[in-house]
Amino acid sequence: MSLHVTPTLLQLAMQSLLRDEALAISALQDLPMELLPPLFKDAFTHKRLNILRKMVQVWPFPCLPLGGLMKMKTPYLDILQTVLDGIDALLDQNTHPRNYKLQVLDLRALHKDFWTVWAGDTTTSCAPGVKCRRKIQKRGPKIEAKQNSLKVFIDLYLKPRALDTCLSYVFLWAKERKALLQLGCKKLKINTVAIQNIVKILEMLDLDYVEEVEVCCTWKLSTLAIFAPYLGRMKNLLSIILSHIHVPASITPEEEKQLVSQFTSQFSNLQYLQDLSLDSIDFLKGQMDQLFRCLEVPLEILSITDSKMSESDLQSLSQCPGIRQLKHLNLSGVILTDISPEPLRVLLERVAATLKTLDLENCMIMDSQLDVLLPALSQCAQLIMFNYLRNPISVAILERLLHHTSRLNYLSLEMYSTPWEIYGAQGASYHKRLEQLREELSKAMQHLEHNRTVWFSVAPCLP
């Protein structure tokens with residue numbers, strides 16, 4: 001037996017207005033502003049295009065979060081065209097309606113709560129940079145807006161295939177009205193090597209609005225160098241993820257040095273960068289000082305993974321001005337076996353006051369190196385996670401390590417490889433000592449106010 005839901009008075013009023021298009025359009029400017037969102041949603045659902053076009057022109061809020069209703073795919077193209085037609089009518093007018101407040105057209109898939117609940121300050125959450133970005137914009141990026149210009153926000157995921165129909169239409173529409181609006185992209189994800197197509201897109205965007213960039217495909221170093229000047233223009237960038245840069249064997253050392261410089265020099269322009277993640281970037285080995293000396297603002301996250309680093313690279317990292325407030329450090333997959341532990345020790349000492357997570361998985365750090373790091377590690381009083389998996393470790397050095405980490409009151413997760421001696425000829429005695437260590441550690445942690453997990457992999461990492 002199905003339950004019949006009785007429509008509310010508001011829903012009945014909306015249905016009545018939508019049935020009489022002429023009445024709805026004539027009444028729009030006189031409707032209370034709280035009726036506009038539900039009426040717009042109903043008109044969107046039932047594709048009342050003429051009503052939608054007129055509603056855009058009398059929209060009483062600073063932001064129209066259209067992306068919360070639509071997916072950027074072909075079935076919504078007619079609605080998108082209608083909304084943009086309504087905006088065109090405003091752009092062509094010298095004077096706007098008395099209650100006109102629209103400053104932002106947001107085509108990102110955000111602010112869905114705006115359309116389901118309208119109350120109090122909910123509308124302000126769709127204004128760019130107010131609530132939805134407050135957490136990561138605490139250092140206050142500054143964007144110079146064109147006077148009286150409309151801002152249009154999109155998120156972009158560039159793939160080998162062409163842009164979908166809706167995005168293509170938005171770019172064509174924006175190109176013809178470039179003097180009247182700003183086309184902004186907060187999140188830019190790139191999974192294509194077609195750099196000329198990428199450049200065409202970047203030339204259309206106001207790069208001041210880009211906050212997050214992720215390159216998730218293999219680029220040649222020359223491709224990265226072409227992209228670099230655009231990266232440098234993203235002056236409010238908060239996060240960059242870059243991986244798998246390939247250096248062809250045919251390139252000369254002089255050419256490689258020049259291309260590396262074109263890339264690293266751009267970081268001096270990124271005064272709000274908080275998250276730098278680099279994976280498989282062997283092309284920077286021995287040249288990372290060029291990058292680190294450009295990082296003057298304090299990072300929160302630094303990740304350099306599965307990459308080759310020299311001792312001089314680690315030394316320049318330990319002296320980098322941008323690590324003074326680092327919270328998360330990931331060097332997993334950076335082989336440190338033949339490198340002096342001193343630069344890493346200095347690095348840990350410099351970040352000890354703020355570091356919360358430390359990932360050294362598969363760095364192949366030897367016992368003698370770890371022994372040098374222990375005093376610095378025990379100073380990391382804010383540490384909550386330490387990953388030391390896939391590093392060869394003996395029972396003796398593990399005992400010393402656990403003695404140092406037991407002093408870290410906030411540490412809740414430690415991960416280690418099982419000591420390799422457990423599987424040797426004297427494995428039984430070592431296994432017994434490991435069990436004793438676990439019991440001693442369990443007793444030592446009873447005074448802590450939070451749970452702590454010490455996890456060991458099944459397989460050892462052999463030296």
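Trainee: At what angle do helix α8 and helix α9 pack?

Mentor: This is a predicted model. Helix α8 spans residues 195-204 and helix α9 spans residues 221-232. Their axes lie 11 Å apart, and the angle between the two helices is about 5°.

Trainee: Is α8 roughly parallel or roughly antiparallel to α9?

Mentor: The packing angle is about 5°. Angles under 35 degrees count as roughly parallel. Therefore α8 is, relative to α9, roughly parallel.

Trainee: Which residues of α9 meet α8?

Mentor: From α8, the contact involves Ile 195, Val 199, Leu 202 and Glu 203. By class, the contact of the two helices has six nonpolar, one polar and one charged residues. On the α9 side, the residues are Thr 223, Ile 226, Phe 227 and Tyr 230.

Trainee: Which elements give two or more residues to the lining of the largest pocket?

Mentor: The largest pocket holds about 830 Å³ of space. Its lining has 32 residues, and those closest to the centre are Tyr 157, Leu 158, Leu 163, Asp 164 and Leu 167. The elements that give two or more residues are β3 (150-158), α7 (165-176) and α8.

Trainee: Which helix gives the largest share of the lining of the second largest cavity?

Mentor: The second largest cavity has a volume of about 30 Å³. Its lining consists of Leu 348, Leu 358, Leu 360, Leu 370, Leu 373, Leu 377 and Phe 386. By class, these are seven nonpolar, no polar and no charged residues. The largest share, three residues, comes from helix α14.

Technical notes
Residues are numbered from 1 along each chain as its sequence is written. This is a predicted model: local features need pLDDT of at least 70, side-chain atom pairs count only at pLDDT 80 or more; totals for chains, interfaces and linings use all residues. Side-chain values use heavy atoms; hydrogens and water are left out. Axes are lines fitted to C-alpha atoms, for helices over the stretch in contact, and angles run from 0 to 180 degrees between N-to-C directions. Helices (H or I, at least four residues) and strands (E, at least two) are DSSP runs, numbered from the N terminus. Angles under 35 degrees count as roughly parallel, over 145 as roughly antiparallel, 65 to 115 as roughly perpendicular and the rest as oblique. Contact means heavy atoms within 4.5 Å. Ala, Val, Leu, Ile, Met, Phe, Trp, Tyr, Cys and Pro count as nonpolar, Asp, Glu, Lys and Arg as charged, and the others, Gly among them, as polar. On a 1 Å grid over the protein atoms alone, a cavity is a set of points where a 1.4 Å probe fits but cannot get out, and a pocket is an open set with protein on both sides within 12 Å along at least five of seven lines; lining residues have an atom within 4 Å of a point. Grid points are joined across faces, edges and corners, and a volume is the space filled by probe spheres set on the points.
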